[in-house]
Amino acid sequence: MKSISIIIAGIITAAGCSVSCSGNSDAPTGREQLQHDIDSMALSGRGTVGIAVITPDGDTITANDSIRYPLMSVFKLHEALAVADQLDRRGHSFDSIISVNRDEVSADTWSPMLKDYPEGCFSVSIGELVKYALVHSDNNASNLLFSRITSVQQTDSMAHALTRCQDFQLHHTEHHMKLDHQSSYDNWSSPLACAELISLTFTDSIVSQAKQDSIRAWLGQCSSASERMAAAVKAVEGARLYHRTGSGYTNDRGEIIAVNDIGLIDLPDGRRTVIAVMIKDFPGSQEEADGTIAAITRRILSHFTE
């Protein structure tokens, strides 16, 4: 019996040595390596950096996700879905036309729409307003949609009803934040809540098919902040980005209140991933903040494309 025990013990020891010597037991998994990478990038970034990733396998990986990050214009995705929902309830399409008076818009805000409609009063479809908001991040378009179609409170309620991650809150319009920059902090979200919302936009039936297809297409045409996530995705041949950006004002300490990019990426091999990067109170320049998001995106994409 003693000799049998010695033999069994020897087999177990040898097996353990074989695993240990091969290094397999200590090698990090792909998920563990990605978690390590985003943790290190979040900790080494200037300001407060939050990251969320939904991998092609559906795993969620986050860093600094428990902090409230100002949304800025990222909330125009929430708004677009709420506008579509309200129109569906009323039986109206994106082709519905509204008339706009000049006193309803401001020349003192970011608004490419005003270059297309320089006259005092004009008529525009609701779909065009949503497109201006999503593609060009137009603040006047957003303000008009909030005043004419859906309120901030309705938008907040609709988005909360959609998502499992409830870590976000909407209180103010672009107009209000323009008047009081500090109020930007009241429209906040975790990176994971944003990642989940854009993911749902492409995987679930949220509003009528035609409206949701339009919203998806306009996210793919987003022209703002091209040096952030878009710069990293452009370097990956065959990849496609659908995203919504957000940029903040400067606070009393001279920091940029928020620099964000939330994107869904179709990878060259047909898989899909979602990345949300949100930076709060960035102490450097806009160019440096944009570069930080591009670098983080490149690092994450390398896990799925190399």
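Predicted model: local features only at pLDDT ≥ 70, side-chain atom pairs only at ≥ 80, totals over all residues.
**Stop 1: the H3/H6 crossing.** Select residues 75-90, which make up helix H3, and residues 139-148, which make up helix H6. Their axes come within 11 Å and cross at roughly 40°. That angle makes H3 oblique to H6. Look at the handedness too: H3 passes H6 in a left-handed crossing.

From H3, show Phe75, Lys76, Glu79, Val83 and Arg90. From H6, show Asn139, Ser142, Leu145, Phe146 and Arg148. Colour them by class and you'll get four nonpolar, two polar and four charged residues.

**Stop 2: the surroundings of H6.** Keep H6 selected and bring back the rest of the model. Eight of the 10 residues of H6 are buried, so this helix is largely enclosed by the rest of the structure. To see the buried set, pick Asn139, Asn140, Ala141, Ser142, Asn143, Leu144, Leu145 and Phe146.

What do the buried residues of H6 pack against? Besides H3, select strand E4 (97-100), helix H4 (113-116), helix H5 (126-136), helix H7 (152-162) and helix H8 (174-179).

**Stop 3: a ring pair.** The model has four aromatic pairs. For one of them, zoom in on Tyr117 and Phe122, which are stacked, with 4.7 Å centre to centre and 20° between the planes.

Conventions:
Residues numbered from 1 in each chain as written. Heavy atoms only, no water. Axes fitted to C-alpha atoms, helices over the stretch in contact; angles between N-to-C directions. Helix = DSSP H or I, 4+ residues; strand = E, 2+ residues; numbered from the N terminus. Parallel < 35°, antiparallel > 145°, perpendicular 65-115°, else oblique. Left-handed = near helix turned anticlockwise from the far one by under 90°. Contact = heavy atoms within 4.5 Å. Nonpolar A, V, L, I, M, F, W, Y, C, P; charged D, E, K, R; others polar. Phe/Tyr/Trp six-rings, centres within 6.5 Å; stacked < 30°, edge-to-face > 60°. Buried < 20%, exposed > 50% of the residue type's maximum accessible area, 1.4 Å probe, protein only.
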